[in-house]
Amino acid sequence: AIPDVTVTTPSPPTEQELAAGSLSRFVVHHATTRYVTTATTHNLARWRGGRQSICPKTAGLAPKDDAFVTARLRALGVFVGAPVQSSPQCQVNVQILFTSNPKEAMDEVMRWATAPSTFGIRYSGGNADLLAYRSGPAVQGWYLATRSGARVLNTDLALVGLDVLPLWPRVTENYLGADRAGTHLGGNSGSGIGIGAVILIVDTTKIGSYAIGTIADYLTMLSLSMIQSPDHCDPLPSILDLMSSGCGRAEKPAAITAGDLAFLKALYYRNTGLGPSLSRSAIEDNMMRQFKGALANRN
């Protein structure tokens, strides 16, 4: 039997959690790629829909736990308005692997990513270090980001322009059109940015104390949005605080938070296939309206 994956809305943030610009910092930390010439451009990567809709698969755990992680990701994706393939029998584009030997799994992907027939030229020399295995994080992996605008709705992933980007990148402020590896998603206004595939590798030797539901929510957040480094904590709680080494909070969230869900709803607020995302400031405004609406309904 698969545990319940019904999504319930968490309690809205407190006034203290929303004070002193915390919401603005939360939005910035949940959005990895930035361009100095387009600070508020609508350039946040997300799933575009159509053929580039979410189809997850989990492996490496007991069958019922694999099924739960997959079902939880699907349920949360639908809840926030992200495009999710309706049939479980779809072409997998979110691969989640639990393993006690993450280096072996990551090296296999590295060989593919740095091969001349894939991304070898772009990630030659020292740039390959951006994709390599690191011994610290419990969760590592990559995003395949699309650059073809609305064309991806009706096109197989193999036929669109792609960038392979590491999870937890060292974020740099890139000028628009600067073709650099690591954090660059494409030399345009951002309207064509999308997530085409996600590969997450989870080190089972480092997550033994976490409940399966907590891990599922953490992985879902990584799958639905391209996230910045987790080694910080904002006053507004996030499920990403869970494994942060820079979080002084005594008690970390055990499930996806109201802030996380509000951010994802704002990210997927507009038609994902035809236009750009909301700007960071518009996402912040959208989140605040959601919080006020939830408080009004509760009162």
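Which side chain is joined to that of D65 by a polar contact of 3.4 Å? The legends below start there. The model is predicted.

**Figure 1. D65 and its partner K64.**
The side chain of D65 makes its 3.4 Å polar contact with the side chain of K64. The two side chains also meet in a salt bridge, at 3.4 Å from N to O. D65 is found in helix 2, which covers residues 63–80. A216 is 151 residues from D65 along the chain. Even so, the C-alpha atoms of D65 and A216 are separated by 9.5 Å.

**Figure 2. The salt bridge between R72 and D217.**
Side chains of opposite charge can pair when their charged atoms come close. The model has 4 salt bridges. One of them joins the side chains of R72 and D217, with 2.6 Å from N to O. R72 lies in helix 2 and D217 in helix 4, so this pair ties together parts that are 145 residues apart in sequence. Are the two partners buried or exposed? R72 counts as buried because its relative accessibility is 12%, under the 20% limit. D217 is buried too, with a relative accessible area of 2%.

**Figure 3. The salt bridge between K103 and D107 in helix 3.**
The side chains of K103 and D107 meet in a salt bridge of 2.7 Å, N to O. Both residues belong to helix 3, residues 102–113. They are 4 residues apart, so about one helical turn separates them. K103 is partly exposed, at 42% relative accessible area. D107 is partly exposed as well, at 23%.

T257 sits in the loop between helix 4 (212–224) and helix 5 (258–267). Its relative accessibility is 10%, so T257 counts as buried. Which residues does T257 contact, leaving aside its neighbours within four places in sequence? They are P10, P237, S238 and I239. The side chain of T257 also has a polar contact with the side chain of D260, at 3.0 Å.

**Figure 4. The largest pocket and its lining.**
Rolling a probe the size of a water molecule over the atoms shows where empty space is left. The largest pocket holds about 390 Å³ of space. Its lining is made up of 19 residues. Closest to the centre are Q91, V92, N93, L157 and A197. Which elements give two or more residues to this lining? They are helix 3 and strand 5 (194–203). Strand 5 gives the most, with 4 residues. By class, the lining of the largest pocket has 9 nonpolar, 7 polar and 3 charged residues.

**Figure 5. A20, a residue with positive phi.**
Phi of A20 is near 55°. That is a positive value in a residue other than glycine. A20 lies in the segment before helix 1 (22–29). Is A20 buried or exposed? A20 is exposed because its relative accessible area is 70%, over the 50% limit.

Methods. Residues are numbered from 1 along each chain as its sequence is written. This is a predicted model: local features need pLDDT of at least 70, side-chain atom pairs count only at pLDDT 80 or more; totals for chains, interfaces and linings use all residues. Side-chain values use heavy atoms; hydrogens and water are left out. A polar contact is a pair of N or O atoms within 3.5 Å; within protein, one must be able to donate a hydrogen and the other to accept it, and residues adjacent in sequence count only if both atoms are side-chain atoms. Buried means under 20% relative accessible area, exposed over 50%, partly exposed in between (1.4 Å probe, protein chains only). Contact means heavy atoms within 4.5 Å. On a 1 Å grid over the protein atoms alone, a cavity is a set of points where a 1.4 Å probe fits but cannot get out, and a pocket is an open set with protein on both sides within 12 Å along at least five of seven lines; lining residues have an atom within 4 Å of a point. Grid points are joined across faces, edges and corners, and a volume is the space filled by probe spheres set on the points. Ala, Val, Leu, Ile, Met, Phe, Trp, Tyr, Cys and Pro count as nonpolar, Asp, Glu, Lys and Arg as charged, and the others, Gly among them, as polar.
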